[in-house]
Amino acid sequence: MIKPIQSFEEYTATYASSISDPEAYWASQADQFVWKKKWTKTLEWNFTEPSVKWFLNGKLNITENILDRHLKVSPDKVALYWEANNPDEQGKAISYKELYEQVCLFAGVLRSKGIKKGDRVCIYMPMIPELTIAVLACARIGAIHSVIFAGFSASAVADRVNDAQAVAVITSDGSYRGTKSIGVKSLIDEALQTCASVKTVVVAKRTGDAVEMLSGRDYWWEEEIKKATPVYEAEEMDAEDPLFILYTSGSTGKPKGVVHSIGGYMVYTAFSFANVFQYKEGDIYFCTADIGWITGHSYLVYGPLLQGATQIMFEGVPTFPDAGRFWNIIDKYKVTHFYTAPTAIRSLMSFGNEVVEKYSLKSLKVLGSVGEPINEEAWHWYNEFIGKKNCPIVDTWWQTETGGILISPLAGITPLIPSYATLPLPGVQPVLVDANGMVLEGNNVEGNLCMKFPWPSIIRTTYGDHERCKQTYFSTYPNLYFTGDGCKRDENGYYRIIGRVDDVINVSGHRFGTAEIENAINEQADVIESAIVGYPHEIKGQGIYAYVICDKTDKSEDQLRKEILESVVKMIGPIAKPDKIQIVPGLPKTRSGKIMRRILRKIAEGELNSLGDTSTLLDPGVVEEIKKGAL
Ligand code: WT7
């Protein structure tokens, strides 16, 4: 197991040595795991192809490090406390031994369906223990999992299943969210109408609602595990074999499948979990993310379980039965570590302090923030009302592509400044560059955030399209990994993330490409063209503002808006619904036909009088029209 850094002096010394000899540093971390065969070379890399390989020729199975390893020392320790959506429903406590047995058994189910090493398996499930079990069972047999957040639409699911050419889908009959019961299997049925690669669907029972089962394709989880032969002998995998694909949005219309490989991801998620959170034996860790996003992968499944932690898995929503639910869970399980997103903090803050004051929250030791910049107001509220000024807040900066936290305080060790992600973890080498790619040396500078050296859990490729990986991350600035974020380094060398500098918007900590949402809007029959920009939103961080040109029609604007929203829900899912839709007569375009988003952003921000130079526009008059109708 990873032994975390203990003091700021140790951090400074470790950081220096990790940079002067990264290979020795990461080899010493990797040595803390169980390998079937040790690696022969620690690192081979270039950022031009790009090609990054860590722990070459090392053989392992990540689940042996999560399950078999802990089974020997602490079989009865609780791995997961599962808290149901409804507080009156009995939860579950699953020990490491039980998790081991369940994973081995379900791995047996997958094998019995002919699923083998390298096959892709999509998982579309609510936050129930079967989700964690399904993920680990894939890893146990060397199948590549692709978890799809269970809020995505059938069409979005089909795109992802087809892109990965998945052979199987694991799902549930339905799900509970707050007062709602939602059909899950029915959505999969709809999605799979266009997915010829899928031969097997396994359905876990959650709501008990009636679902259709296609004979020869669909199987009940509960029945299959009764017949299965457990996989006690974990598949031997190469360190560079892919562990999973996770789709994320970029500046083009089509989400890309970020691929992470086994060895490096294992080492880095355990390492970053141990160091950032400073989790100690006996602590209870609660990350509120969904496993459908990278935070759930790295800090709900892999990181904490690799470190043998006890954690909470919560099925429901923060506002059911009321806005005190998180605080209720913290008191109920005596949670010591709480990791959530700024959007959740801002939302819960808006319900007033009386809700919080009903709870003691005195078990808390460490608070975490992830997904978007945390504004100072939310930071102070989190610190005062949740942490009672006694808990360090780790503002953790990272991305789907980085696999794990790269810039963050180490809890209780790194001196904090509100809204600063502070300092890089050992082995992480950030640089800031200006628009021309010139590296900005020294402190008190602001530029685009890049990394100049690989860390073990860096993205390896985008599934099925390596060129796209190269173009997106490694071509903007030669020999650097480009994050897409703007960033400031202050006079003390502390990092403050400013936000995306590309066509990506971050809504409630979730990423969307503007083109992706525009494509969905354009599917509505009356729409001719659309342009999406982000604008500051009190709760979500960024809201989605849509400017839409429609054909002449008898439909009212309200009707058009309704149909546009329906189209977005159908193509992507409710999470991508625009907050504002303005029907416009035209869009501000340059003579070459490029939409001037800068102007649209200003209008969305309500800054109607500082639009800058509009004289280069094809039709400057259109700006006046848009300004008149601004929402
Ligand atoms: C983008 C990555 C990291 C897991 C969840 C989101 C933004 C993330 C922070 C932070 C400021 C942050 C960045 C980044 N972001 N964490 N602590 N402070 N911004 O993962 O969907 O891959 O999005 O989220 O803009 O590029 P993701």
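Let's start with Gly 371: one of its polar backbone atoms sits 3.2 Å from a nitrogen atom of the ligand. I'm calling that a polar contact, meaning a pair of N or O atoms within 3.5 Å. Asp 485 also takes part, with a polar side-chain atom 2.6 Å from an oxygen atom of the ligand. Then there is Arg 511, where an N or O atom in the side chain is 2.7 Å from an oxygen atom of the ligand. Taken alone, the ligand exposes 550 Å², and the protein buries 96% of that; these areas come from the Shrake-Rupley method with a 1.4 Å probe.

A quick word on the source: this is a predicted model, where local features need pLDDT of at least 70, side-chain atom pairs count only at pLDDT 80 or more, and totals for chains, interfaces and linings use all residues. Residues are numbered from 1 along each chain as its sequence is written, and side-chain values use heavy atoms, with hydrogens and water left out.

Back to the ligand. How many residues surround the ligand? There are 17, and the closest are Asp 395, Thr 396, Thr 400, Asp 485 and Arg 511; a residue counts if one of its heavy atoms lies within 4 Å. By class, that shell has six nonpolar, six polar and five charged residues, with Tyr and Pro counted as nonpolar, Gly as polar, and Asp, Glu, Lys and Arg as charged. At least two shell residues come from each of α10 (294–306), β20 (393–396) and β25 (495–500). Helices here are DSSP runs of H or I with at least four residues, strands are E runs of at least two, and both are numbered from the N terminus.

Now, α10 itself. 13 of its 13 residues are buried, so α10 is largely enclosed by the rest of the structure; buried means under 20% relative accessible area, with a 1.4 Å probe and protein chains only. After α10 comes Gly 308, with a positive phi near 70°.

Last stop: the second largest pocket. Its volume is about 250 Å³, that is, the space filled by probe spheres set on the grid points. A pocket is an open set of points on a 1 Å grid where a 1.4 Å probe fits, with protein on both sides within 12 Å along at least five of seven lines, and lining residues have an atom within 4 Å of a point. α1 (8–20) and β21 (430–433) each give two or more of them, and α1 gives the most, with three.

Key: A polar contact is a pair of N or O atoms within 3.5 Å; within protein, one must be able to donate a hydrogen and the other to accept it, and residues adjacent in sequence count only if both atoms are side-chain atoms. Buried means under 20% relative accessible area, exposed over 50%, partly exposed in between (1.4 Å probe, protein chains only).
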